[in-house]
Amino acid sequence: MRSKLGTPLAPKRVAWVWFAVAAGLTVWCAWEAIQGQITWTLPAVFAGIALLIYVEPRLRRREVETVQVDDVGILRVEGSIREEVSGESVTEIKLITTDAGPYGEDVFFVLIGTDGKGCLVPHAAAIRTKLLEVLQVRFPNLDDAAVIAAMGCTSNNNFLLWKRPVAGSTSAARDA
């Protein structure tokens, strides 16, 4: 099994650069306040900012894994959304890119099953669950050039990575 649904994810890290800047400004302003050059208001403000930067990751609710990739297939559960597709029923694999990056999720794996339903996996979850590596093993004719093109795309676009061959064609025997 590659990933387990509900596994706690690593907590977000402290933004150490910004913490160091705020702490440094606190020390510098405190030195100035000790010498009587400024009031204690500014050092207190910078100390508060440094403290908030330090404790903010600990105040967040712990995130859990929302995607499971295993020998059966792919499952995504996020809130009231539950999407799943078995490996044998996959008929098409796409990558969808959006222009939401770099501050929002902008790459999504789409796996479509024989029943027309499928599973949409955000790129961050795909990385954690090693989805691309699993897909490359299960679907040997996966278009790696399309993956590379999609990762370099910054606009709204669709990239077809794999499609089940039509039954009876010569490539159907190879992909089965």
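**Ground rules**

I number residues from 1 along each chain as its sequence is written, and I work with heavy atoms for side-chain values, leaving out hydrogens and water. Since this is a predicted model, local features need pLDDT of at least 70 and side-chain atom pairs count only at pLDDT 80 or more, while totals for chains, interfaces and linings use all residues.

**Entry 1: the core**

I started with the largest nonpolar core, which has 26 residues. By nonpolar core I mean a set of buried Ala, Val, Leu, Ile, Met, Phe, Trp, Tyr and Cys residues joined through side-chain atoms within 4.5 Å. Buried is under 20% relative accessible area, exposed is over 50%, and partly exposed is in between (1.4 Å probe, protein chains only).

Which residues touch the most other members? I got Ile 74, Ile 93, Phe 109, Leu 111, Val 121 and Leu 131. The elements giving two or more residues to this core are strand 1 (67-69), strand 4 (90-97), strand 5 (107-113), strand 6 (118-122), helix 3 (123-128), helix 4 (131-138), helix 5 (144-151) and strand 7 (157-163). Helices (H or I, at least four residues) and strands (E, at least two) are DSSP runs, numbered from the N terminus.

I then listed the contacts of Val 121 (contact means heavy atoms within 4.5 Å). Not counting residues up to four places away in sequence, Val 121 touches Val 67, Ile 74, Val 107, Phe 108, Phe 109, Leu 111, Ala 126 and Leu 131.

**Entry 2: strand 5 and its partners**

Next I looked at strand 5. Six of its seven residues are buried, so strand 5 is largely enclosed by the rest of the structure. I count two strands as paired if DSSP finds at least two bridges between them. Strand 4 and strand 5 run antiparallel and are joined by seven bridges; here Ile 93 stands opposite Leu 111 in strand 5.

How many bridges join strand 5 to strand 6? There are five, and these strands also run antiparallel. Leu 111 faces Cys 119 in strand 6, and Phe 109 stands opposite Val 121 in strand 6. The hairpin of strand 5 and strand 6 has four residues between the strands, and Gly 116 takes a positive phi near 85° there.

Most residues other than glycine have a negative phi. Lys 130 sits in the loop between helix 3 and helix 4, and counts as partly exposed because its relative accessibility is 48%.

**Entry 3: charges**

I found five salt bridges in the structure. A salt bridge here is a side-chain nitrogen of Lys or Arg within 4 Å of a carboxyl oxygen of Asp or Glu.

- Lys 94 pairs with Glu 92, with the closest N and O atoms 3.4 Å apart. Lys 94 is partly exposed at 24%, whereas Glu 92 is buried at 14%.
- Salt bridges that share partners join Arg 76, Glu 78 and Glu 83 into one network. Within it, Glu 83 and Arg 76 have their closest N and O atoms 3.1 Å apart, and Arg 76 is buried at 7%.
- Glu 84 pairs with Arg 82, with the closest N and O atoms 3.5 Å apart. Arg 82 is exposed at 55%, and Glu 84 is partly exposed at 49%.

Glu 84 belongs to strand 3 (residues 81-86). Leaving aside neighbours within four places in sequence, Glu 84 is in contact with Ile 74, Leu 75 and Gly 118.

**Entry 4: helix 1**

Last stop, helix 1 (residues 16-34), where I found Val 21. Val 21 is partly exposed, as its relative accessibility is 41%. Val 17, Trp 18, Val 21, Leu 25 and Trp 28 make a nonpolar surface patch of about 550 Å². Patches are made of residues with over 30% relative accessible area and no salt bridge: like charges are joined within 9 Å, nonpolar side chains (Val, Leu, Ile, Met, Phe, Trp, Tyr) within 5 Å. Areas come from the Shrake-Rupley method with a 1.4 Å probe, and for residues only the protein chains shown count as cover.

Is Thr 26 buried or exposed? At 15% relative accessibility, I log Thr 26 as buried. Thr 26 is also in helix 1, and beyond four places in sequence Thr 26 touches Pro 43, Phe 46 and Ala 47.
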